Amino acid sequence: MCALDQRADGVVAARLELEESTPLVYLERLRLADEEPLAVDRVWLPASVARPLLDIDFTRTSLYDELERHCAIRICGGWERIRAIVPGRGERILLDCPESTALFAIDRLGHDSDRRLVEWRQTLVRADRFTVAAAFSGDDGYRLGAPVRSF
């Protein structure tokens, strides 16, 4: 499953600090792990910079690689928010998960090297197939996604 088109979305445009009618490139795709559904990504990018992506087949390629290759844009920072959600029927069907499976909802706002906002992404990930790890210390504090070592 993959959707790739140009559309307007006033809420997303506002998140990217753009005028609400600004055209956006929208990419939605199902991500697999071992040929099983793992996540669904929904990404919006300003069409003014991402329009060349409309001709790309994203079946087996990285958005960030193609964004850099065809648009000379590199996402180099931003933030993510991760929360647990109970999936609706459509999400359960799309991700082929039972009613008892929760999802992680990950919202990401990404910027380029000029700190220009160029990506709004919402990803739903099967929580039974994904782990979030963190490390902590008195010196470094709490670091989400840091390498975790077994003791």
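Contact here means heavy atoms within 4.5 Å. All views show a predicted model.

Figure 1. Neighbours within four places in sequence are left aside in the list of contacts. The remaining partners of His111 include Arg74, Ile75, Cys76, Gly77 and Gly78. Arg116, Leu117 and Val118 are also in contact with His111.

**Figure 2. The cysteines Cys71 and Cys76.** A disulfide is a covalent bond between the sulfur atoms of two cysteines. The count of disulfides in this model comes to zero. For Cys71, the closest cysteine sulfur is that of Cys76, at 15 Å, which is too far for a bond; the cut-off for a disulfide is 2.5 Å between the sulfur atoms. Cys76 is likewise in no disulfide, its nearest cysteine sulfur being that of Cys71. Cys71 is buried, at a relative accessible area of 14%, whereas Cys76 is partly exposed, at 39%.

**Figure 3. The aromatic pair of Trp79 and Trp120.** Three aromatic pairs are found in a search of the whole structure. One of them joins Trp79 and Trp120, with a distance of 6.0 Å centre to centre and an angle of 70 degrees between the planes. The pair is edge-to-face, because planes over 60 degrees apart fall in that class. Trp79 belongs to strand E4 (residues 77–85) and Trp120 to strand E6 (residues 117–126). The two residues are 41 residues apart, and their pair links distant parts of the chain. Trp79 counts as partly exposed at 37% relative accessibility, while Trp120 is buried, with a relative accessible area of 2%.

**Figure 4. The aromatic pair of Phe104 and Phe130.** The ring centres of Phe104 and Phe130 are 5.8 Å apart and the ring planes stand at 65 degrees, so this pair is edge-to-face. Phe104 lies in strand E5, whereas Phe130 lies in the loop between E6 and strand E7 (134–137). The pair therefore ties together parts that are 26 residues apart in sequence. Phe104 counts as buried at 19% relative accessibility, because the class extends to values under 20%. Phe130 is partly exposed, with a relative accessible area of 30%.

How values were computed: Residues numbered from 1 in each chain as written. Predicted model: local features only at pLDDT ≥ 70, side-chain atom pairs only at ≥ 80, totals over all residues. Heavy atoms only, no water. Buried < 20%, exposed > 50% of the residue type's maximum accessible area, 1.4 Å probe, protein only. Phe/Tyr/Trp six-rings, centres within 6.5 Å; stacked < 30°, edge-to-face > 60°. Helix = DSSP H or I, 4+ residues; strand = E, 2+ residues; numbered from the N terminus.
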